[in-house]
Amino acid sequence: MNVCGCWVSSMKFPLRSRCRFSKPLFSVSSSSFIPNSSSTSVTTIATEQKEPWLIVGLGNPGKKFAATRHNVGFEMVDTIAEAEGISMTSVSFKALFGKGFIGDVPVILAKPQTFMNSSGESVGAIVSYYKIPLKQVLVIFDDLDLPFAKLRLLPKGGHGGHNGMKSVINHFKGNVGFPRLRIGIGRPPGKMDPVAFVLRTFTKQEREELNFTLQHGLEAVRILLLEGFDKSATFVNSAKKIEQLG
């Protein structure tokens, strides 16, 4: 496994602005977040450390595939990263990734660079190395069977014919017990080949609608991590259509 220098036997997360530390707040061995024992200037610290979440968006790397329907998983992760101030410039485990916090919950954001059909190579390696429980692995991906720009949050399930999800499940040894956020891209018009359709970009109107959906997804992820799956699923799955909100 090719691991860059910033990911070694422990993983350090950035400090939170509300606390003052002489050294980084957390170091991670496996999946546990432990206060740095040499930091003696802690003025405020949580009494219970939270385990990290892994949030993965599926897509294809490179400019050729940027902003296509198959890459809405990447776009959702980029939206989260920008909103939460998490840099996505590091590379390891065949993925672009970032580390930071959503509220007081430590998170790892990842965009596998293996191409869609081999996404599990990257996701499986991260989960295995850091021993992240599957209940705290959120996979975000495009869905042909959902109406365009509609979200659906589920606690588990199969791959539904999506090759990226199929690869992830294979690398989880068939375990499907992890949450997933599906982003609808609609069905191809007429007799268009679905493969060609998922690699199409969006119209101006579709882009405006998708941007709204990405912001809605961002809020759903925040609720998921801070308030739990049930509240997030209610927020997502009972949402009104964009035209009803305008």
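**Helix packing and ring pairs**

Reply: To begin with one residue of this predicted model, T79 is in contact with L214, Q215 and L218 when its neighbours within four places in sequence are left aside. T79 has its place in helix α1.

Me: Is T79 buried or exposed, and at what relative accessible area?
Reply: The cut-off for buried is under 20% relative accessible area. T79 falls below that cut-off and is therefore buried, with a relative accessible area of 13%.

Me: How are the axes of α1 and α5 placed, and which word describes their angle?
Reply: The axes of helix α1, residues 72-84, and helix α5, residues 204-227, come within 9 Å and cross at roughly 60°.

Me: Which residues of α5 make the contact with α1, and how many residues of the contact are charged?
Reply: α1 passes α5 in a right-handed crossing. On the α1 side the contact is made by V72, E75, M76, T79, I80, A83 and E84, and on the α5 side by R207, L210, L214, Q215, G217, L218, V221 and R222. By class, the residues of this contact divide into eight nonpolar, three polar and, as the number asked for, four charged.

Me: What is the handedness of the crossing of α2 and α3, and how many polar residues does their contact have?
Reply: The axes of α2 and helix α3, residues 163-171, come within 7 Å and cross at roughly 40°, and the two helices are therefore oblique to each other. α2 passes α3 in a right-handed crossing, with the contact made by S119, G120, E121, V123 and G124 of α2 and G164, S167, V168 and H171 of α3. The contact has two nonpolar residues and one charged residue, and its polar residues number six.

Me: How many aromatic pairs does the structure hold, and of which kind is the pair of F65 and F115?
Reply: The structure holds six aromatic pairs. For F65 and F115 the distance is 6.1 Å centre to centre and the angle between the planes is 85°; since planes over 60 degrees apart count as edge-to-face, the pair is edge-to-face.

Me: How many residues apart in sequence are the parts that F65 and F115 tie together?
Reply: F65 is buried at a relative accessible area of 15%, whereas F115 is partly exposed at 44%. F65 lies in the loop between β4 and α1, and F115 in the loop between β7 and α2, so the parts tied together by the pair are apart in sequence by 50 residues.

Me: Which term describes the pair of F148 and F202?
Reply: F148 counts as buried at 19% relative accessibility, and F202 counts as buried at 14%. Their ring centres are 5.9 Å apart and their planes stand at 50°, so the pair is tilted.

Me: In which loop is R69 found, which residues does R69 touch, and what is its relative accessible area?
Reply: R69 is found in the loop between β4 and α1. Not counting residues up to four places away in sequence, R69 touches D142, F148, I185, F197, V198, R200, T201, F202 and E206, a list that includes both F148 and F202. R69 is buried, with a relative accessible area of 4%.

Notes: Residues numbered from 1 in each chain as written. Predicted model: local features only at pLDDT ≥ 70, side-chain atom pairs only at ≥ 80, totals over all residues. Heavy atoms only, no water. Axes fitted to C-alpha atoms, helices over the stretch in contact; angles between N-to-C directions. Helix = DSSP H or I, 4+ residues; strand = E, 2+ residues; numbered from the N terminus. Left-handed = near helix turned anticlockwise from the far one by under 90°. Contact = heavy atoms within 4.5 Å. Nonpolar A, V, L, I, M, F, W, Y, C, P; charged D, E, K, R; others polar. Buried < 20%, exposed > 50% of the residue type's maximum accessible area, 1.4 Å probe, protein only. Phe/Tyr/Trp six-rings, centres within 6.5 Å; stacked < 30°, edge-to-face > 60°. Parallel < 35°, antiparallel > 145°, perpendicular 65-115°, else oblique.
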